[in-house]
Amino acid sequence: MNFIEKIESQKENLTNNEMAIYHYIMEDLNRLVSGDTIINFSRQCGVSKSAVLRFAQKMGYSGYPELKFDASRYVHSGKHQRKAESPSRIDDILDGYSRSISDIRASVSEDVILDMISGLISAKKVKLYGYSKSGLAARHMRYRLSKIEFDAEAVTDSFLMAEISHTAAPGEVHIFFSESGSTPFVVDSLCSAFERGASTILVTFNPSAKSRKYASHFVALPNTRLLLPDYFPDLQPVFQVFIELMVSYLSEKIAGEGQSQ
């Protein structure tokens, strides 16, 4: 049996907590595949860690890692929903990314970008937050900013996120990269920086993220996974194009101010 067949075969034997896990997974398999630790996954499901472990074992897996691995293998196979008349895999994937990148125009206007850039120019400090895969975006932006000699700190450790966000102050800009916009300690850090008067920017793929209320600027980028449900595309390319837009506008702004002095 494949992953879905295993899950469905046990549906009638699930407890209430296990049904919560079932619905969370079945609404979007990417939630399981892109998750990190069993602790964070259980929080997102609204159940205990032990409930996730029992769910995995009931499906015939030794534990959460094996459950996640089999789900990942199933999603990456790209066979569960593709039709015979569908374009080739290369056409599917390239078209999906092309559409996502093009749709960034509708996600963030030039006026919003310029407003964020103005905040960065005048900021006393700039912090870039991201955890797990979203941490790659924070580090990448730190690298790109260094190329135009603009100082910023990338914070990708969950403990440091809490510590540094608690020292936030007015005049600072704190940028948060989060695919889901709902990772608990990322949201806590965003809230902490916002409440301490820092300007906050949340960049996510979830337009309904409740954490947006803590963001001075909220950017919901196009989610490539919604365009490619038969695969498990990485969202880093979309993050990186957004970062290139920010760095390009920032570089132009810095150059313009230098000429005017």
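Helices and strands are here DSSP runs, numbered from the N terminus. In this predicted model, strand β1 spans residues 126-130 and includes Val126. Because burial is taken as under 20% relative accessible area, Val126, at 6% relative accessibility, counts as buried. Beyond its neighbours within four places in sequence, Val126 is in contact with Leu120, Phe150, Asp151, Ala152, Glu153 and Val173. The C-alpha atom of Val126 is separated by 6.0 Å from that of Glu172, although the two residues are 46 apart along the chain.

Strand β1 belongs to an open sheet of 5 strands, arranged in the order β2-β1-β3-β4-β5 with parallel pairing. The edges of this sheet are formed by β2 (153-155) and β5 (217-220), each of which pairs on one side only. From one strand to the next, the twist averages 15°. Strands β1 and β2 run parallel and are joined by 3 bridges; Tyr129 has Val155 in β2 as its bridge partner.

Two helices lie across strands of the sheet. Helix α9 (residues 110-122) lies across β1, β3 (173-178), β4 (199-204) and β5, running at about 130° to β5. Helix α11 (residues 158-165) lies across β1, β2 and β3, and its direction is at about 145° to β1.

A further packing arrangement involves helices α2 (residues 16-27) and α5 (residues 49-58), whose axes are 9 Å apart and meet at an angle of about 75°. The two helices are therefore roughly perpendicular to each other. On the α2 side, Asn17, Glu18, Ile21, Tyr22 and Ile25 meet Ala51, Val52, Arg54, Phe55 and Lys58 of α5. By class, this contact has 6 nonpolar, 1 polar and 3 charged residues.

Technical notes. Residues numbered from 1 in each chain as written. Predicted model: local features only at pLDDT ≥ 70, side-chain atom pairs only at ≥ 80, totals over all residues. Heavy atoms only, no water. Helix = DSSP H or I, 4+ residues; strand = E, 2+ residues; numbered from the N terminus. Buried < 20%, exposed > 50% of the residue type's maximum accessible area, 1.4 Å probe, protein only. Contact = heavy atoms within 4.5 Å. Axes fitted to C-alpha atoms, helices over the stretch in contact; angles between N-to-C directions. Parallel < 35°, antiparallel > 145°, perpendicular 65-115°, else oblique. Nonpolar A, V, L, I, M, F, W, Y, C, P; charged D, E, K, R; others polar. Pairing = 2+ DSSP bridges.
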